[in-house]
Amino acid sequence: HLTLYLACFPDRAALIAAARQAAQGLPAPTAKVCGWHVFRDDPLSGNHTLVCDIDPERRRDLATCQQRIRAAVAPLRHPDSTAARYAPCWPHLSELARVNVTQWGFPFVGSIWHPHVTIASIRPADWDVLWPELERDPPTGMVRFSKLCLYALEEGQPELLERFDLECVP
């Protein structure tokens with residue numbers, strides 16, 4: 001998955017309506033996957049998060065999509081609940097990251113956003129066994145994100161709320 005935005009929303013119906021409206025006519029972003037990236041000792045999970053990296057030169061479409069979705073749904077979030085979700089890792093976040101979480105939610109926006117496709121969160125104790133196998137075959141190629149999916153996290157498990165088709169232009 002590629003997370004565009006995450007926050008706590010008290011009104012699911014309003015969230016779905018805002019996302020539906022934002023998705024209408026939104027071009028499906030394309031990006032170039034250019035290998036692995038690892039968020040070692042990820043402050044959000046405590047694990048090593050393995051992701052498919054996105055070529056920095058091809059992030060503009062994703063940033064445009066994120067900005068449109070964020071503008072539509074951020075006003076509906078519950079800021080205190082959103083910030084509370086990150087309380088356990090707050091000391092490990094940079095000042096700029098804290099500002100982003102406080103003003104918008106997560107993931108980060110602007111210059112500190114690192115769009116990526118998350119593959120796995122791997123315990124550090126298991127890393128040395130798994131990484132050599134994965135490192136040999138890094139993912140590459142063009143991808144199109146043709147759907148916007150809304151999920152609720154229920155006890156840490158994602159629950160699909162709604163899926164919207166994005167406009168696929170040739």
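This is a dialogue on how to read some features of a predicted model.

Me: Where do I start with a sheet, and in what order do the strands of the open sheet stand?

Reply: Strands of a sheet pair through backbone hydrogen bonds, and the pairing is either parallel or antiparallel. In this predicted model, an open sheet has four strands in the order 3-2-1-4, and the pairing is antiparallel.

Me: Which strands stand at the edges?

Reply: Strand 3 (116-122) and strand 4 (140-144) do. Each has a single partner strand, so one side of each is left without a neighbour in the sheet. From one strand to the next, the twist averages 35 degrees.

Me: How many bridges join strand 1 to strand 4?

Reply: Strand 1, residues 30-39, pairs with strand 4 over five bridges, in the antiparallel sense. To follow the pairing in the model, take T30, whose bridge partner in strand 4 is R144. Then take K32, whose bridge partner in strand 4 is M142.

Me: What about strand 1 and strand 2?

Reply: Strand 2 covers residues 48-54, and its pairing with strand 1 is antiparallel over five bridges. Here V38 has L50 in strand 2 as its bridge partner.

Me: How many bridges are there between strand 5 and strand 6?

Reply: Eight bridges join strand 5 (residues 147-154) to strand 6 (residues 157-165), again with antiparallel pairing. K147 stands opposite D165 in strand 6. The two strands form a hairpin with two residues between them.

Me: What should I look for in the phi angles of the loops?

Reply: Most residues other than glycine have a negative phi. In the hairpin of strand 5 and strand 6, E155 takes a positive phi near 55 degrees. D41 also has a positive value, with phi near 50 degrees.

Me: Where is D41 found, and is D41 buried or exposed?

Reply: D41 is found in the loop between strand 1 and strand 2. The cut-off for exposed is over 50% relative accessible area. D41 has 51% relative accessibility, so D41 counts as exposed.

Me: How do I read two packed helices?

Reply: Two packed helices are described by the angle between their axes and the distance between the axes. Helix 1 (residues 12-23) and helix 2 (residues 60-73) pack at an angle of about 145 degrees, and their axes are 9 Å apart. The crossing of helix 1 and helix 2 is right-handed.

Me: Which residues of helix 1 meet helix 2?

Reply: On the side of helix 1 they are L15, A18, A19, Q21 and A22. From helix 2 come R68, I69, A72 and V73. By class, this contact has seven nonpolar residues, one polar and one charged.

Me: How do I read a pair of aromatic rings, and how many aromatic pairs does the structure hold?

Reply: A pair of aromatic rings is described by the distance of the centres and the angle of the planes. The structure holds two aromatic pairs. In one of them, the ring centres of Y5 and F9 are 6.2 Å apart and the planes stand at 50 degrees, so the pair is tilted. Y5 is buried, with a relative accessible area of 14%, while F9 is partly exposed at 22%.

Me: What are the values for W127 and W131?

Reply: W127 and W131 form a stacked pair, with 5.0 Å from centre to centre and 15 degrees between the planes. They are four residues apart in helix 5 (residues 124-135), which means that about one helical turn separates them. W127 is buried with a relative accessible area of 4%, and W131 is buried with 19%.

Me: Which loop holds R136, and where does P138 lie?

Reply: R136 is found in the loop between helix 5 and strand 4, and P138 lies in the loop between helix 5 and strand 4 too. R136 is exposed, with a relative accessible area of 60%. P138 has 38% relative accessibility and counts as partly exposed.

Note on methods
Residues are numbered from 1 along each chain as its sequence is written. This is a predicted model: local features need pLDDT of at least 70, side-chain atom pairs count only at pLDDT 80 or more; totals for chains, interfaces and linings use all residues. Side-chain values use heavy atoms; hydrogens and water are left out. Two strands pair if DSSP finds at least two bridges between them. Axes are lines fitted to C-alpha atoms, for helices over the stretch in contact, and angles run from 0 to 180 degrees between N-to-C directions. A crossing is left-handed if the near helix is turned anticlockwise from the far one by less than a right angle, and right-handed if clockwise. Contact means heavy atoms within 4.5 Å. Ala, Val, Leu, Ile, Met, Phe, Trp, Tyr, Cys and Pro count as nonpolar, Asp, Glu, Lys and Arg as charged, and the others, Gly among them, as polar. Rings of Phe, Tyr and Trp (its six-membered ring) pair if their centres lie within 6.5 Å; planes under 30 degrees apart count as stacked, over 60 as edge-to-face and the rest as tilted. Buried means under 20% relative accessible area, exposed over 50%, partly exposed in between (1.4 Å probe, protein chains only).
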